[in-house]
Amino acid sequence: MTKEEALLFLKEKRKTMNVLNSVISMVYWDMEVVAPIESIEHWGEILGYLSAQYHQLTTDTRIEEALEVLAVSIQELDQYEKRLVEIFSDLYQQNKKIPESLKRDLSMAIAVGKKYWKKAKEAGDYEIFKPHLKRIIDLLQQQAEFVGYQGHIYNALLDDYEKGMTVEVLDGVFATLKVGLLNLLEEVMNDKHLVMDPPKGPFPKEMQEELIYFMLDKMGYRFREAGRVDEVEHPFTISLGPKDVRVTTHYYEDTIESALFSSMHEGGHAIYEQNMPHEQAEYGINVAPSTGIHESQSRFYENIIGRSYSCWHAFYKDLQKIIPAYQGVSLEEFYQMVNDVVPSLIRTEADEVTYSLHIIIRYEIEKLMISGEIGVDEIPALWNEKYKEYLGVEPKNDSEGVLQDVHWADGMIGYFPSYALGNLYGAQFYHQMKKDIPDVMETVAAGDLSVVFNWLKENVHSHGNLYKPGELVEYVTGEPLNPNYYLDYLREKYLNRKPAITMRIAKG
Ligand SMILES: [Zn+2]
């Protein structure tokens with residue numbers, strides 16, 4: 001194989017992977033959204049077959065041959081070609097190091113584990129899930145040993161979700177974050193205002209749909225020409241290709257907040273996918289560098305924009321027109337309502353101030369369980385202890401405690417930090433955005449979200465996976481990940497409950 005042949009081989013391989021990926025995503029979307037209940041098993045088998053085909057593509061031994069050829073002339077390659085080589089090396093190494101039997105055992109343990117996790121959660125009884133969690137932890141420990149790691153064993157798992165991130169870095173980042181959040185939480189709770197209860201509805205689905213379409217349009221998500229919005233139980237976003245990025249949402253009759261903010265969240269993911277460098281798809285860079293970076297974009301639209309005073313200064317009258325029950329709620333009251341801080345047991349319902357504390361609790365426990373410092377017997381008590389210490393709340397049973405998330409049953413130990421990192425990356429991008437465009441929030445308050453869209457597109461979206469997560473943050477903001485931007489953002493927002501933007505706008 002010559003250098004040119006090797007490059008061509010990898011690019012062709014990537015194109016085939018992209019095609020298969022689109023088909024897999026299509027089947028997955030169909031199963032989640034429209035497939036009739038009796039067809040699920042049939043489609044499940046097809047999905048299994050397609051995933052095996054995809055896996056085969058990535059373990060082709062000729063990849064190794066091509067990588068060896070290109071390793072010799074790596075200095076002659078351009079930035080895209082180098083990244084192509086790097087992405088394939090990671091993938092190939094990863095796949096080669098883990099024995100097939102271990103992969104099979106792990107997927108079996110996950111399938112069984114999820115079944116028992118569901119049963120355990122329904123019964124509120126951790127004991128039902130415990131032996132299966134132990135099995136999953138054992139297998140992930142084995143996997144980490146095969147893959148190899150430096151420092152803490154957790155690094156091997158973390159690397160799957162946040163390339164280049166380590167316990168050594170994260171411990172420092174989360175330590176600053178934890179102290180900052182605990183102090184802020186105490187201040188906010190000491191100075192808590194009475195927040196009005198939101199209107200109870202009922203809010204028909206069609207009414208909520210109109211509101212969501214209105215906001216998604218303003219954000220710049222092209223769902224009519226190049227996407228879709230459908231209803232499911234648990235909302236997600238999926239890319240079926242460059243011109244087909246679909247979001248899902250869930251409508252609750254008694255509240256508009258859930259569908260509104262989760263749609264803006266998914267819309268943030270969708271805009272990212274639509275703005276990827278699709279013309280360079282053959283280099284494998286038309287994806288996000290990590291789940292944390294992806295999450296930074298969804299949370300940007302959900303919280304930094306969607307829960308800002310500026311956003312509703314612009315659009316609250318439209319919301320009131322679409323949802324008449326809000327005509328009795330002032331803009332100020334609405335702003336306080338959607339930014340109410342309440343320490344709670346459930347991560348997915350947490351506000352901006354407490355959310356990352358839920359993640360830090362999981363991170364601290366995951367490190368101990370994967371290193372073997374604590375056994376599965378000790379997890380629920382430790383969980384409850386940490387909730388009491390950090391958030392001042394205690395689960396009544398395991399369902400609202402240690403069993404609330406599916407991630408561990410899904411074999412996704414090492415994933416949780418990505419959620420908190422999403423908040424941190426987002427705030428650091430926001431800081432840079434305000435440096436570049438000082439009046440960005442005034443523009444938002446005037447009803448124009450295109451400045452936000454364009455800045456994110458140019459600085460984050462269009463790079464795709466050209467940089468690793470840490471490199472991207474440094475490239476865009478000129479410094480490594482710094483949790484103080486998130487803390488500053490929260491302090492300014494939550495300790496200054498009368499937003500400054502009101503005054504500026506009032507003066508013209
Ligand atoms: Zn998300």
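## Close-up views of a predicted model

**View 1. Strands S1 and S3 (residues 244–249) run parallel and are joined by 5 bridges.** Strands (E, at least two residues) and helices (H or I, at least four) are DSSP runs, numbered from the N terminus. Look for Val 229, whose bridge partner in S3 is Val 247. This is a predicted model, in which local features need pLDDT of at least 70 and side-chain atom pairs count only at pLDDT 80 or more, while totals for chains, interfaces and linings use all residues. Residues are numbered from 1 along each chain as its sequence is written.

**View 2. The open sheet has 3 strands in the order S1-S3-S2, with mixed pairing.** Strands pair if DSSP finds at least two bridges between them. At the edges stand S1 (227–231) and S2 (237–241), each with a single partner strand, so one side of each has no neighbour in the sheet. From one strand to the next, the twist averages 20°.

**View 3. Helix H1 (residues 3–33) lies across S1, S2 and S3.** H1 runs at about 140° to S2; angles run from 0 to 180 degrees between N-to-C directions, with axes fitted to C-alpha atoms, for helices over the stretch in contact. Helix H11 (residues 257–274) also packs on the sheet, touching S1, S2 and S3, and its direction makes about 165° with that of S3.

**View 4. Helices H8 (residues 167–190) and H21 (residues 484–494) pack with their axes 10 Å apart, at an angle of about 5°.** The pair is therefore roughly parallel, a term for angles under 35 degrees. On the H8 side, Thr 176, Gly 180, Leu 184 and Val 188 meet residues of H21 including Leu 487, Leu 490 and Tyr 494. Contacts here are pairs whose C-beta atoms, placed from the backbone, lie within 7 Å.

**View 5. Helix H7 (residues 154–161) has Tyr 154, Asn 155, Ala 156, Leu 157 and Leu 158 buried.** Buried residues have 20 or more other C-beta atoms within 10 Å of their own, with C-beta atoms placed from the backbone. Their cover includes helix H6 (126–147), H8, helix H15 (352–370) and helix H17 (417–436).

**View 6. The largest nonpolar core holds 100 residues.** Such a core is a set of buried Ala, Val, Leu, Ile, Met, Phe, Trp, Tyr and Cys residues joined through C-beta atoms within 7 Å. Leu 157, Met 219, Ile 305, Ile 360 and Val 444 touch the most other members. A second, separate core of 12 residues includes Leu 10, Ile 63, Leu 84 and Phe 88.

Technical notes
Angles under 35 degrees count as roughly parallel, over 145 as roughly antiparallel, 65 to 115 as roughly perpendicular and the rest as oblique. Two residues are in contact if their C-beta atoms, placed from the backbone, lie within 7 Å.
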